Amino acid sequence: MAQSRRTTKIAVAQMKSTNVKEHNLDQVRTITERSKANDAQFIFFPECCDFVGTHREETMRLSEPLTGPLVQQYKQLAREHNVWLSLGGIHESITDATGPEKEVQRIFNTHIVIDNAGELVATYRKLHMFNVVTPEFKFRESDTVQSGATVVAPIESPIGRIGLQICYDVRFPEVSTILRKQGAEILTYPSAFAVSTGRAHWEVLLRARAIENQCFVVAAAQIGFHNKKRESYGHAMVVNPWGTILAEADPTLDLDVVYAELDYDKLDNTRANMPCFDHRRNDVYNLTPLKELRHTNDSSKKEEYRFGSFVIEPETIFYESEHCFAFTNIRCVVPGHVLVTTKRSAARLPDLTPPEISDFFQVVCKVQRAAERLYDATSSTITVQDGPDAGQTVFHVHCHVMPRHVGDFPENDQIYGELNRHDKEPDRPRRPLAEMMTEATRYRMELSRLGL
């Protein structure tokens, strides 16, 4: 009899990674083979399933891009065994050309999902960096890893809609709530949890995220001493929407696999009998997610962003608040020149409500901070052309944010003349969309680093 989605079987791994990548890959192979033999169709692996470095330089050296040989081997493994793989927290390296003679390497802690055809179907870069000092240990993840820039909307899979997170993200319930609002049925927290914090908080945090969001929670885990400095708690776990632990790995085993049946009748009954999300006071408090800007096969579900009569490409939008959004510019007076506008089409500042005005200028200040950081500036020209006699050509409230440098114009105030002309000259070409999208990504990352 074909397996129904109402009860679907998953496998969740517990392993001990080291700095020997082939050894870790052998563990992934063993777990995959064992899970397939037990009829699991989806296998969850922990953070650092690729490796755990002994120091920063080694971590940078061992990291690979998602096009590298290790991910290719993961893809082959998924194809060979006809299974889906969640590989939580691999070290993704990205090399950016920043000048003719210099390249800067960045590392992300990246959760990927590979389908049974060996295709990479989802990528999530860890949002929250584990920078802590406790009586037992100190750790600064941000010394090596750069934080991600956005929440990734839940992905469709044979076992349900999955919201992707990583380890320390479990302490930030706002993101899990956003994922539930976006349709998540499963929340994942692949982890390499520290032992002292694991003893105190691992189980209670996982159960809390399951209960408050009425989702299954899946948490693959690292265990044991990876090197002399680093030890992980283990206790890989699956929790149901009522907070009941369905499966937990043996804390004495360096390699273990646990299995769980995800009962969707239980999920449906929990949500129907205690409809917490129907009872949320969105008139009093609300979580507005940064829009998922990735490609979706269902184009009818894309929200349309308008600036006057212009439709703004979602990929060029780098910040969104309750009433406003910020986006990159088709023609720039200076590098880094971006726009902030309101979601509601209002022609002039006095047409805005007090909450809209407050939100508008708060967003402008946040974007200004990011622009000055990105473009190494200590000053900015912030201007609203409010009305036609002030140079307004798009009659939708907006603000120009332009980072400034010494000598960028022969006369400082010349910028206003350039601003008045920059979008009126037909021979001045617009920027390629790819360039605008790349700049938007940089702004998102900088805003994330600033905690804005």
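**Ground rules.** I number residues from 1 along each chain as its sequence is written. The model is predicted, with local features needing pLDDT of at least 70 and side-chain atom pairs counting only at pLDDT 80 or more, while totals for chains, interfaces and linings use all residues; side-chain values use heavy atoms, without hydrogens and water.

**Domains.** I looked up the domain assignment, whose bounds come from an automatic or database source. It gives domain 1 (8-278) and domain 2 (306-450). Their C-alpha centres lie 37 Å apart. Six residues from domain 1 and four residues from domain 2 take part in the contact (heavy atoms within 4.5 Å).

I then looked up the buried area, which is the accessible area (1.4 Å probe) that two parts lose on being put together, summed over both. Domain 1 and domain 2 bury about 420 Å² between them, with 55% of it on carbon and sulfur atoms. On the domain 1 side, Gln146, Ser147 and Ala149 lose the most area to domain 2, together 71% of what that side buries.

**Sheet.** Helices (H or I, at least four residues) and strands (E, at least two) are DSSP runs, numbered from the N terminus. Two strands pair if DSSP finds at least two bridges between them. I traced five strands in an open, antiparallel sheet, in the order β18-β19-β20-β22-β21. β18 (317-320) and β21 (379-383) stand at the edges with a single partner strand each, so one side of each has no neighbour in the sheet. From one strand to the next, the twist averages 20 degrees.

I looked at one pair within the sheet. Strand β20 (residues 338-342) pairs with strand β22 (residues 398-404) in the antiparallel sense over four bridges. Leucine 339 stands opposite histidine 400 in β22.

**Helices on the sheet.** I took axes as lines fitted to C-alpha atoms, for helices over the stretch in contact, with angles from 0 to 180 degrees between N-to-C directions. Helix α7 (residues 354-374) lies across β18, β19 (324-328), β20, β21 and β22, and runs at about 20 degrees to β22. Helix α8 (residues 414-421) packs on the sheet, touches β21 and β22, and makes about 130 degrees with the direction of β22.

**Threonine 177.** I found threonine 177 in helix α4 (residues 173-181). Threonine 177 is buried, at 8% relative accessible area (buried is under 20%, exposed over 50%, partly exposed in between; 1.4 Å probe, protein chains only). Leaving out residues up to four places away in sequence, threonine 177 touches Asn213, Phe277, Arg280 and Leu287.
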